[in-house]
Each structure stands twice: as structure tokens, then as C-alpha cells.
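Here's a quick briefing on a protein fold.

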Amino acid sequence: MVTGPGIRKAAAVVLTVGLSAALAACGSEDGGGDGGDHAGHKGAPKLSVSGAYVSQPPMDDMAAGYLAVRNAGGGADELTSVTTPLASEVTLHTTKGNRMKQVSSLDVPADGRLELTSGGDHLMLTNLTHRPKVGEKVSFTLHFATSDPIEIKVPVEPTTYRPKD
């Protein structure tokens, strides 16, 4: 193996140039670069909840909940569970045609929305502590696969209520 001051200097220059290029590449992916899409670098979910309500239940032991989860972030998430003092159990349901099926989570797409609506995907609240009345506010905590839980107050609306949107 050949060694000497010239070889060591050349190796140091190559190493310095290589490290500089690597650091420059990293720096451009933190938002300070060309603004292009960098494969493999997705943003975090940025979730907010709107339009939440519970229909006043016709029965004493079961109710349905509806809401929209907006994701303004570049990363997807999943609604994994919901808890409320109103019910001992809240399950997530998806509806295809006229068939309702319980699921373990519902997708919240990146830069998109999860819509829980009457006749569509929704929450089922069972074993109610009491039958909620119109105008009452119910606390919900939404739990996600990656995002922090979101706590909301949900109004109870008449059984026939349909949101304007």
C-alpha cells in the first residue's frame, strides 16, 4: 500500500467534499431547499375535528356519533378509538351499501378528511350511562395511531338532525 503526505491530503479533500455534499443534501430537505417533493420524507398529520354531534337516541342503551376529522398535514393517521363518559363502549363502524361492519380503525388520509356521517361511517355508543337529551354536551376523546388524543365537547341533536353540509 502506498502512503505519504500527498495521498493523505487527497483522501482528506475527498472526505471533506463528500461530507459537505451530504450535509448540503440534508439541509435542503428541511424546507430550505428547492421546495420539491423529497421521496421518503412525509410530513406529520395535523388533525382538527369539526361538525361533531350525537343523535338523541330513540333507545336508552345505544346512540350514534358523527364528526369530521380534517388532516392538513402530509402524513396519514388512523382513528383507533373514541372514549366518552356517556358510554362504556364506543365502536367504529363502516357502512358499505346497507351493511354496517365494526372495524378496528378508520383512515385519516394525508391532506384529506375522515367523514363520519349518518348512513356512512360512524361511531356506535353502547351501554349508555343515561339517555342524553337535545342540547346536552357530551365529552369525547378521540385516539389516533400516531397523533395525540383530541378532546371535544359534542352537542346532542334531535334524532332527525342532518348537518347543512
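Start with Thr 84, which sits in the loop between strand 3 (77–83) and strand 4; helices (H or I, at least four residues) and strands (E, at least two) are DSSP runs, numbered from the N terminus. This is a predicted model, so local features need pLDDT of at least 70 and side-chain atom pairs count only at pLDDT 80 or more, while totals for chains, interfaces and linings use all residues. Residues are numbered from 1 along each chain as its sequence is written, and side-chain values use heavy atoms, with hydrogens and water left out.

**Thr 84 and its surroundings**

- Thr 84 is buried, with a relative accessible area of 9%; buried means under 20% relative accessible area, exposed over 50%, and partly exposed in between (1.4 Å probe, protein chains only).
- A polar atom of the Thr 84 side chain lies 2.7 Å from the backbone oxygen of Ser 139.
- Not counting residues up to four places away in sequence, Thr 84 touches Val 90, Leu 125, Val 138, Ser 139 and Phe 140, where contact means heavy atoms within 4.5 Å.
- Thr 84 and Leu 128 are 44 residues apart in sequence, yet their C-alpha atoms are 9.7 Å apart in space.

**Strand 8 and its partners**

- Strand 8 (residues 122–128) is mostly covered, with six of its seven residues buried.
- Strand 2 (residues 62–71) runs antiparallel to strand 8 and is joined to it by four bridges; two strands pair if DSSP finds at least two bridges between them.
- Strand 4 (residues 87–96) is also antiparallel to strand 8, and here there are six bridges.

**The nonpolar core**

- As a rule, nonpolar side chains in soluble globular proteins tend to be buried together.
- The largest nonpolar core here has 27 residues, and Leu 123, Leu 125, Phe 140 and Leu 142 touch the most other members. Such a core is a set of buried Ala, Val, Leu, Ile, Met, Phe, Trp, Tyr and Cys residues joined through side-chain atoms within 4.5 Å.

**Salt bridges**

- How many salt bridges are there? The count comes to two, taking a salt bridge as a side-chain nitrogen of Lys or Arg within 4 Å of a carboxyl oxygen of Asp or Glu.
- Asp 60 forms one with Arg 131, and the closest N and O atoms are 3.8 Å apart. Asp 60 lies in the loop between strand 1 (47–55) and strand 2, and Arg 131 in the loop between strand 8 and strand 9 (137–144), so the pair ties together parts that are 71 residues apart in sequence.
- Asp 60 counts as exposed at 53% relative accessibility, whereas Arg 131 counts as partly exposed at 36%.
- Glu 115 forms a salt bridge with Arg 113, with the closest N and O atoms 2.5 Å apart. Glu 115 is partly exposed at 38% relative accessibility, and Arg 113 is partly exposed at 42%.

**Ser 147**

- Ser 147 is found in the loop between strand 9 and strand 10 (150–157) and counts as buried at 18% relative accessibility.
- The side chains of Ser 147 and Asp 77 are joined by a polar contact of 2.6 Å. A polar contact is a pair of N or O atoms within 3.5 Å; within protein, one must be able to donate a hydrogen and the other to accept it, and residues adjacent in sequence count only if both atoms are side-chain atoms.
- Leaving aside neighbours within four places in sequence, Ser 147 is in contact with Pro 45, Leu 47 and Asp 77.
- Ala 44 is 103 residues away from Ser 147 along the chain, but their C-alpha atoms are separated by 8.5 Å.

**The whole chain**

- The protein has one helix and ten strands, and the order from the N terminus is α-β-β-β-β-β-β-β-β-β-β.
- Of its 165 residues, 33% count as buried.
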